[in-house]
Amino acid sequence: MVPSRRAYLLLLLGMAIAIALADIWSVSIAIIATLLFDVAILGLMFVDGLRSRQQRVAISRNPLGRLSIGRENPVSILVESGNHPAQIKIRDYYPSDFWTPSEGTHQASLPANSTKELTYTVCPIQRGEFSWGDIQVRQLSPWGLAWDDWKVPSSNKVAVYPDLLALRQLSIRLTLQNSGSIRQARRMGIGTEFAEMREYRMGDDPRFIDWKATARRWGATPAASLQVRVLEPEQEQTLIILLDRGRLMTSRVQGLKRFDWGLNATLSLALAGLNRGDKVGVGVFDREVTTWIPPERGQHHLGKLIDRLTPIQPVLLEPDYVGAVTKLVTQQTRRALVVVITDIVDSTASAELLAALARLTPRYLPFCVTLRDPLVDQQAHTTLESPLKNEGGIEAAYSRAVALDLLAQRQVAFAQLKQKGVLVLDAPANQISEQIVDRYLRLKARNQL
């Protein structure tokens, strides 16, 4: 039990009484009276604290489930009062590696026979399994003299996964597209798979007239019109994602490791591919391909990808791009869209990446995706006054010059990739998942694979 503010104020009142009595009676009598008063207050506090133990509220934490990295995940604590009103303070011991934008201690006042849900959010910054502690509770006694302090056993293990909330939102978006809310128009001659045969209309391309079908119609009905073929993009294609987990992917961008942003983008792209009927395979590599998941189709494959990829962490090793591409070529013999998610410093340091992707053309369609640091963009585009007029202006000018040079070197490397027939996407790490999915959907719509 912990004394409340009211108890401390009453004890201070006892000291004031002692000073007043010292002026009237002797000092010894004043001290004795103060001690008796304090003992009475402490006795009442003890009795009050015992009463509060009989009126404890019931507290439970709702099941946490799987948490998403880099997201504000809600945590709910349910409080139920008995036949008496309650004033409580609660502290939930979440893992120390988590960040929370809300207060760690929560206060609430409950009427008798009522229920209240206290909600706060936590933001994990790394994946893995973490220990969640107990719930510390303090409840004010009926007379307000003491806080009854106890713990509610609630310790358990919680798993932090990639951004599952973003996957859920993407799944809804793709479902709406497939159901026709955002319907893609079928156009004649766009694609490789036969969709239907229809009569020729004004403005149709004569190259898609099917003369054999027209001849058969004329044989049966001489007045029949010309027949044209309507094609649509091929649905059952293959998408291979190679995710780099090497040295450059260990740096932090916007609070998360670059590899975590890449993993989120990998799962988002895989979900889009499976939703569009493609076979999706994933390889994770550093000095070697440490994880290889063969291409499969079907929504069940996404769960397998999440379970296999979630435990993987980046390492301080230089990636072997040529080795990863060689492994891919031996495993995937048919044409596929090969997406390599990595980062580029400059054309010299990324010479092996350039050589490896060049080996994929023209048999495969290589697609290089790099995760840019938004802080570098911010520094490069910051307008500076005269460096000599401001304290720290010279340092800021050097930072801006370095940022501009880094962006220029990246553009040189991207230009070399494009010259070799490689598709390129360079986007801020925190926007990469959305942009890579949009780019993939455009590739499917234009039948570039």
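Because the model is predicted, local features need pLDDT of at least 70 and side-chain atom pairs count only at pLDDT 80 or more, while totals for chains, interfaces and linings use all residues. Residues are numbered from 1 along each chain as its sequence is written, and side-chain values use heavy atoms, with hydrogens and water left out.

The secondary structure of the protein comes to 11 helices and 22 strands; helices (H or I, at least four residues) and strands (E, at least two) are DSSP runs, numbered from the N terminus. Of the 449 residues, 45% count as buried. Buried here means under 20% relative accessible area, exposed means over 50%, and partly exposed is in between (1.4 Å probe, protein chains only). The protein exposes about 23,400 Å², and carbon and sulfur atoms supply 54% of that area. Accessible areas come from the Shrake-Rupley method with a 1.4 Å probe, and for residues only the protein chains shown count as cover. Among contacts with a separation of 6 or more, residues 24 or more positions apart account for 74%; contact means heavy atoms within 4.5 Å.

The largest nonpolar core has 72 residues. Such a core is a set of buried Ala, Val, Leu, Ile, Met, Phe, Trp, Tyr and Cys residues joined through side-chain atoms within 4.5 Å. The residues with the most contacts inside the largest core are Ile59, Val79, Trp132, Leu309, Val339, Ile341 and Ile436. Helix α5 gives this core its largest share, 10 residues. A second, separate core of 24 residues includes Ile240, Leu242, Leu360 and Leu417. Leaving aside neighbours within four places in sequence, Val79 is in contact with Val57, Ala58, Ile59, Ile88, Ile90, Leu110, Ser114, Thr115, Lys116 and Leu118.

Helix α5 covers residues 258-275. Its 18 residues reach 26 Å from the first C-alpha to the last, close to the 26 Å expected at 1.5 Å a residue; the expected span is 1.5 Å times one less than the number of residues. The helix is mostly covered, with 18 of its 18 residues buried. Gly277, whose phi is positive, near 85°, follows α5.

By the rule used here, the count comes to 16 salt bridges. A salt bridge is a side-chain nitrogen of Lys or Arg within 4 Å of a carboxyl oxygen of Asp or Glu. Asp260 lies in helix α5 and Arg127 in the loop between β8 (115-124) and β9 (128-132), so the pair ties together parts that are 133 residues apart in sequence. Asp260 counts as buried because its relative accessibility is 3%, and Arg127 counts as buried at 5%.

Asp92 forms a salt bridge with Arg61, with the closest N and O atoms 2.7 Å apart. This pair links strand β5 (residues 86-92), which holds Asp92, to strand β2 (residues 58-61), which holds Arg61, across 31 residues. Asp92 and Arg61 are both buried.

In a further salt bridge, the closest N and O atoms of Asp343 and Arg410 are 3.0 Å apart. Asp343 is in the loop between β20 (337-342) and α8 (351-360), and Arg410 is in helix α10 (residues 393-419), 67 residues apart. Asp343 is buried, as is Arg410. Salt bridges that share partners join Arg258, Asp343, Arg372, Asp377, Arg410 and Asp426 into one network.

Some backbone features remain. Most residues other than glycine have a negative phi, and most peptide bonds are trans. The peptide bond from Thr361 to Pro362 is cis, with omega near 0°, and Pro362 lies in the loop between α8 and β21 (365-372). Asn113 is not a glycine, yet has a positive phi of about 55°. Asn113 sits in the loop between β7 (105-110) and β8 and is exposed, with a relative accessible area of 57%. Gln254, also not a glycine, has a positive phi of about 55°; the place of Gln254 is the loop between β16 (252-253) and β17 (256-257).

On the surface, Met1, Leu44, Phe46, Val47, Leu50 and Trp143 form a nonpolar patch with about 520 Å² of accessible area together. Patches are made of residues with over 30% relative accessible area and no salt bridge: like charges are joined within 9 Å, nonpolar side chains (Val, Leu, Ile, Met, Phe, Trp, Tyr) within 5 Å. Trp143 is in the loop between β10 (135-140) and β11 (146-152) and is partly exposed, with a relative accessible area of 39%.
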